[in-house]
Amino acid sequence: MKETILIVDDEKDLLEGLKRLVEIELHCRVLTAENGQVALKILEQQEVDLILADVRMPEMDGFSLLKEVKKLYPDITFVIITAYGTIDQAVRAVKEGAYDFIQKPFEDEQLLHVLKKGLERGRLIRENKRLQKQVGAKIFENFVSQSTHLKKIFETIRMVAPTDVTVLILGESGTGKELAARAIHALSRRANRPMITVNCPALPEPILESELFGYRKGAFTNATSDHRGLFEEAHKGTIFLDEIGDITSSVQTKLLRVLQEKEIKPLGSTQTKKVDVRIIASTNQDLEEKVKEGTFRADLFYRLNVVTIEMPPLREIREDIPLLVDHFLKKTAKELGIPPKYVCPEVIDFFMEYPWPGNIRQLENVIKAAVVTSPSDIISLENIPLTQKKNLSPKALAEDNAQLDIDLSLPYKVLKEKVLSNFTINYVKRLLEKTKGNITRAAEISGIKRQSLQKILKRYGLDPANFR
């Protein structure tokens, strides 16, 4: 079925011209309306994917129409047409929920590009809602995706969840391995029992062993009482062993006993205890290679590797980036207790090209930082702590920002100042290194006025001479 665009404008000749252009170039069904009131009546009777509306119209202008559409049909993509030079109107339109804007006079190619992107945004939203409804919104609410790869993963999760098979989740850091584990548990018959998560690399061997299997009083110094291990805590539930590739050979041996015999032996005890636990494990390492190297037991690997789910890196599911950005913008605003912010289309374009070494977790942290540091409700490229603006080493910038984290326990104003200061200092230092202390060249690269850049240098005590 063809997608439908509704064009709203009181200029009859322009309306007809746009209708012919869009129908021919985009192969869409095009409806027209001479004002907002007529447009609303059409919406009552017809399904529309995108609205292109002029701001200036009699009876009901474009802003009033936008407000009504966002209230009644929030998923319809809305593009505003503004007069030349009225950038304030464009900013207002985006703040009030418009996807994008285009200024008169415009070229046909420019208009078609905006409409194509708007239609794609609508497809992504519709597909994401369909998937969420299909698999259960609560369970998959943090899986924001419409990629073919992740659709297959959703299907695998739904198939294996009701069983008790052991699942090994593979993937780079930040790809959502724990989210997948939680979805498996939530869809399993153990959902009403606990899911215990163990971050294996965070605990030294003796502590990890005692935490997993428990200990008896007197098993070691300071063991003044019996202690139930995490396997006992997870009885009848699920235990998630995160980054299992880092566990030692001693822990590997004891874990193999749990998988084979369904029993544990607490430290200091002479007796074993039966446990009923489903095991899900994850790793960002190549366990098969570790088996060849002799650092990971082959028999344990085969016990863990009953069903494998591989979470893709963000660079392989770039079609999900616009949905993820929208999700993280809303999530961050809710966490901070502030009104939601929006990103310019140029930011999405940059995100679609960026390599994302820290994957989805990095994207979320970048969005958090951008929300905090942006002085307005519209986040532009200059507010993104990655860019400035692809002229600096992408690899170095990626490494700097992959571990970016935001402490949401800090007051908003304190957090904003801290993040903004750190970002500004690091960015200006990188600029000066690249230009060997040449302020004029640094100003050209960054787009910052020379006088403003000098004020920043003075504020943070940075001397260009140190970079020459």
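**Reading the terms against the values**

Tutor: Leaving aside residues up to four places away in sequence, Leu363 touches Leu314, Leu324, Val325, Phe328, Phe351 and Trp356. Contact here means heavy atoms within 4.5 Å. The model is predicted: local features need pLDDT of at least 70 and side-chain atom pairs count only at pLDDT 80 or more, while totals for chains, interfaces and linings use all residues. Residues are numbered from 1 along each chain as its sequence is written, and side-chain values use heavy atoms, with hydrogens and water left out.

Student: What makes a set of residues a nonpolar core, and which residues have the most contacts inside the largest one?

Tutor: The members must be buried Ala, Val, Leu, Ile, Met, Phe, Trp, Tyr or Cys residues joined through side-chain atoms within 4.5 Å. Buried means under 20% relative accessible area, exposed over 50%, and partly exposed in between, with a 1.4 Å probe and protein chains only. The largest nonpolar core has 47 residues, and Val325, Phe351 and Leu363 have the most contacts inside it. Elements that give two or more residues to this core include α6 (148-160), α13 (321-336), α14 (345-353) and α15 (359-373). Helices (H or I, at least four residues) and strands (E, at least two) are DSSP runs numbered from the N terminus. A second, separate core has 29 residues, including Leu212, Ile239, Val251 and Leu255.

Student: How do you know whether Ile153 is buried or exposed?

Tutor: Ile153 has a relative accessible area of 5%, which is under the 20% limit, so the residue is buried. Ile153 lies in helix α6 and touches Ile309, Glu310, Met311 and Pro312, not counting residues up to four places away in sequence. Ile153 and Met311 are 158 residues apart in sequence and 7.8 Å apart in space, C-alpha to C-alpha.

Student: Which strands are the edges of the open sheet of 5 strands, and what makes them edges?

Tutor: The order in this sheet is β2-β1-β3-β4-β5, with parallel pairing. The edge strands are β2 (29-33) and β5 (100-103), each of which pairs on one side only. From one strand to the next, the twist averages 20°. Within the sheet, β1 (residues 4-8) and β3 (residues 50-54) pair in the parallel sense over 4 bridges, and Leu52 in β3 is the bridge partner of Ile7. Helix α1 (residues 12-26) lies across β1, β2 and β3, at about 160° to β1.

Student: Why are α8 and α10 called roughly parallel to each other?

Tutor: The axes of α8 (residues 205-213) and α10 (residues 249-261) come within 10 Å and cross at roughly 15°. Axes are lines fitted to C-alpha atoms, for helices over the stretch in contact, and angles run from 0 to 180 degrees between N-to-C directions. Angles under 35 degrees count as roughly parallel, over 145 as roughly antiparallel, 65 to 115 as roughly perpendicular and the rest as oblique. The angle of roughly 15° is under 35 degrees, and α8 and α10 are therefore roughly parallel. Residues in the contact include Leu208 and Leu212 of α8 and Val251 and Leu255 of α10.

Student: How do you know whether each is buried or exposed?

Tutor: Glu243 has a relative accessible area of 10%, under the 20% limit, and is therefore buried. Lys436 has 59%, over the 50% limit, and is therefore exposed.

Student: What kind of peptide bond joins Lys104 and Pro105?

Tutor: The bond is cis, with omega about -15°. Pro105 lies in the loop between β5 and α5 (108-135).

Key
Pairing = 2+ DSSP bridges.
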